Amino acid sequence: MISHTPRDRGESGTRRRSGLRIAIAAGTAGAVAAIGLMTTAGTAHAVGTLGNAAAAQGRYFGAAVSTAHLGEAAYAAALDAEFGAVTPENEMKWDTIEASQNSFNFGPGDQIVAHAQAQNMKIRGHTLVWYQQLPGWVSGLSASALESAMNNHITQVMTHYKGKIYAWDVVNEAYQDGSSGARRSSPFQDKLGNGFIEEAFRTARAADPNAKLCYNDYNTDGVNAKSTAVYNMVKDFKARGVPIDCVGFQGHFNSQSPVPGDFQANLQRFADLGVDVQMTEVDVAGSGTAQANDYSTIVKGCLAVTRCTGITVWGVTDKYSWRSSDTPLLLDGNYQKKASYNAVLAALGGGGGTSGGTSTGTSTGTSTGTSTGTSTGTSTGTST
């Protein structure tokens, strides 16, 4: 697979474009009307169509969410109608929550948590330790001060959300792209060395013993040098009793970086280590049948692996995607269901999508989009 450039995907990408996107949102009245046929936003304890179909298979199906768009009726309605889990795009990143040392801003994250809880949605926390979206003060710390700050950040954030977060991306994107299998340069790696990941996971377990603790990365969807390096780390952690419960595979695909043929086998080899696996930031550049087939392959691959517990797509609508020109999501810019939506619902055993609310609009063409970065966001960057 061609490596994605380390990115500001849905995360910083959302921020750079948010003003433009909010302006565009003013023209969504038609979409609001369409979505209104599907469900009423804010219905307590609802789990959406894709969410219900996934739940019937013992999985969750979620989307990355931004507070910048929750006030848009069509966005909130589509989220509530379709998804059973959420991942905050930026709202739980270090530069949002702790922009100044020991001064914590949980407001944006709390907004997403409250919305998700009202809809009975699972919540994935994203992300605690990542080399991007760090406030400047973090990089300027000495090694000992950085270690203390990392542990304090993990503890404070996880304690605040204790009992509300299903799983945390404890460490995000710590490995380099390419064939080296080496760790990525970052303030944590450069100053604390290889042990920082283990320490982060041990600190996270102490902060919330009931949350699932995940490692999350991109370009690890198939068997390659990078995924094997992560595999070896997880294997070592399990052998030594380091607390790790799950591995997240971001799943940013395009025509130059397609769903790999050994995708399912790769998920299975990680599951065989005794961890859950999750698709955490899925988007597929393209349209029509080619895109739909890729989405179907992803869902079926997850369903074939017993310990694949869920799938999250990196956004609700193409309109707000970090790679919107590649139309990579299940709902188009007018919140219409695409061929990829129908393929996902069918793969989950829910049958083809219907026109009740959002029409079963199917785009045509082949997958030609390419991305110039990767996350979510994710996150990773969301982490991506």
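Predicted model: local features only at pLDDT ≥ 70, side-chain atom pairs only at ≥ 80, totals over all residues.
Which residues form one aromatic cluster? The members are Trp94, Trp137, Phe188 and Phe196.

**Overall make-up**

The chain has 384 residues, and 60% of them are buried. Its secondary structure consists of 15 helices and 9 strands. Helix α5, which spans residues 73-82, is mostly covered, as 9 of its 10 residues are buried. The buried residues of α5 are Ala74, Tyr75, Ala76, Ala77, Ala78, Leu79, Asp80, Ala81 and Glu82. Among them are the charged residues Asp80 and Glu82.

**Aromatic pairs**

A pair of aromatic rings is described by the distance of the centres and the angle of the planes. The count of aromatic pairs comes to 14. One of these pairs joins Trp130 and Tyr131; the planes of the two rings stand at 75 degrees and their centres are 6.1 Å apart, so the pair is edge-to-face. An angle over 60 degrees is what that class requires. Trp130 has a relative accessibility of 4% and therefore counts as buried.

Tyr231 and Phe270 also form an edge-to-face pair, with 5.5 Å from centre to centre and 90 degrees between the planes. This pair links distant parts of the chain, since Tyr231 belongs to helix α12 (residues 225-240) and Phe270 to helix α13 (residues 263-271), 39 residues apart. Tyr231 counts as buried because its relative accessibility is 18%, and the cut-off for a buried residue is under 20%. Phe270 is buried as well, with a relative accessible area of 0%.

| Aromatic pair | Centre to centre | Angle between planes | Class |
|---|---|---|---|
| Trp130 and Tyr131 | 6.1 Å | 75 degrees | edge-to-face |
| Tyr231 and Phe270 | 5.5 Å | 90 degrees | edge-to-face |

**Packing of α9 and α11**

Helix α9 (residues 143-160) packs with helix α11 (residues 195-207) at an angle of about 35 degrees, and the two axes are 9 Å apart. The crossing of these helices is right-handed. From α9, the contact involves Glu147, Met150, Asn151, Ile154, Thr155, Met158 and Thr159. From α11, it involves Phe196, Glu199, Ala200, Thr203, Ala204 and Ala207. By residue type, the contact of α9 with α11 comprises 7 nonpolar, 4 polar and 2 charged residues. Phe196, which takes part in this contact, is also a member of the aromatic cluster.

Asp110 is located in helix α7, residues 107-118. With a relative accessible area of 31%, Asp110 is partly exposed. Leaving aside residues up to four places away in sequence, Asp110 touches His160 and Tyr161. Thr67 lies 43 residues from Asp110 along the chain, and their C-alpha atoms are separated by 9.9 Å.

Gln176 lies in the loop between β4 (167-172) and α10 (187-192). Its relative accessibility is 30%, so Gln176 counts as partly exposed. Residues up to four places away in sequence being excluded, Gln176 touches Ala182, Arg183, Arg184 and Lys226. From C-alpha to C-alpha, Gln176 and Ala225 are 9.6 Å apart in space, while 49 residues separate them in sequence.

Technical notes. Residues numbered from 1 in each chain as written. Heavy atoms only, no water. Axes fitted to C-alpha atoms, helices over the stretch in contact; angles between N-to-C directions. Helix = DSSP H or I, 4+ residues; strand = E, 2+ residues; numbered from the N terminus. Left-handed = near helix turned anticlockwise from the far one by under 90°. Contact = heavy atoms within 4.5 Å. Buried < 20%, exposed > 50% of the residue type's maximum accessible area, 1.4 Å probe, protein only. Phe/Tyr/Trp six-rings, centres within 6.5 Å; stacked < 30°, edge-to-face > 60°.
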